[in-house]
Amino acid sequence: MFSYSTTTLAFFNAFRTNSDLRLQASRELPGLTKELKSDKSERMERVEHGTDLFGEMKQRFLSFKKHKYMQNLELYEKLAKDQAPKFMVIACADSRVCPSSILGFQPGEAFVVRNVANMVPPYENGPSETNAGLEFAVNSLKVENILVIGHSRCGGIRALMSMHDDVETSSLIGSWVSVGMNARVRTKAATKLLNFDQQCKHCEKESVNCSLVNLLTYPWVEEKVRNGELRYSRRLLRLRRLCI
Ligand SMILES: [Zn+2]
């Protein structure tokens, strides 16, 4: 567990040093081999210019291992065997909205699903990675709390509010954010006199509400909520003033 050097790096080191592996790769995946060579030279160039971001990641990992993992060995050994988080968190994939950083979740405390615009599709929409995660968290991990976190200046919400009403979208983003169409309709009805930015701000809240409504369309969520075994809540993170 938590062994960057024995997983990711081991693979790449083996790939670089094992001629059989290289040969096999060159036979089967010439494109990949070419890309890896290109990646290597690009990486060397970055190192020369002092911006080896992957190297920096490795240093961060080693620092984590030394200062967090080794200092809490008992906890991490327990986590290596099992997890029993009390929370499921659904948050936007936006790089500024990291639930663990903002809310201080430690490893093992929260099962997190992040997607564009922190949306929960309704049950009738069928499978998605978000509701697969929801099913696992609720039925297998038996989390006791679900928290949906929205945020200001959300690109996904702007995409939702920018869509044309009568045009079928071929965009993957458009297809996904249309999950929040009810939030968009309610926003448009309530904010006719407001400008686009203000409408988006309104929709950020509506979309989180919509996600909570959609949560209850899952029979096993609704049942657990009704029995008091599961609670749900929402938060909206304001990035500029950093309040939630
Ligand atoms: Zn977002």
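In this predicted model, Asp94 touches His151, Cys154 and Gly155, leaving out residues up to four places away in sequence. Asp94 itself sits in the loop between S1 and helix H6 (99–103). Its surroundings hold 18 C-beta neighbours inside 10 Å, so Asp94 counts as partly exposed.

Cys154, one of these contacts of Asp94, belongs to the loop that runs between strand S3 (145–151) and helix H8 (155–162). Cys154 is buried, because 27 other C-beta atoms lie within 10 Å and the threshold for burial is 20 or more. With neighbours within four places in sequence set aside, Cys154 is in contact with Cys92, Asp94, Ala117 and Glu204.

Several of these residues return in the annotation. An unreviewed UniProt entry lists Cys92, Asp94, His151 and Cys154 under "binding site". Although the four span 63 residues in sequence, no two of their C-alpha atoms are more than 9.1 Å apart, so they gather at one spot.

Four strands form an open sheet in the order S2-S1-S3-S4, and their pairing is parallel. Strand S2 (110–115) and strand S4 (231–237) are the edge strands, each pairing on one side only. On average, neighbouring strands of the sheet are turned by 20° against each other, direction ignored. Helix H7 (residues 129–140) packs on this sheet and touches S1 and S2, with a direction at about 170° to that of S2. Between strand S1 (residues 87–92) and S2, the parallel pairing extends over six bridges; Ala91, for instance, has Arg114 in S2 as its bridge partner.

Terms used. Residues numbered from 1 in each chain as written. Predicted model: local features only at pLDDT ≥ 70, side-chain atom pairs only at ≥ 80, totals over all residues. Pairing = 2+ DSSP bridges. Helix = DSSP H or I, 4+ residues; strand = E, 2+ residues; numbered from the N terminus. Axes fitted to C-alpha atoms, helices over the stretch in contact; angles between N-to-C directions. Contact = placed C-beta atoms within 7 Å. UniProt positions renumbered as here; feature names shortened; annotations may be inferred. Buried ≥ 20, exposed ≤ 12 C-beta atoms within 10 Å, placed from the backbone.
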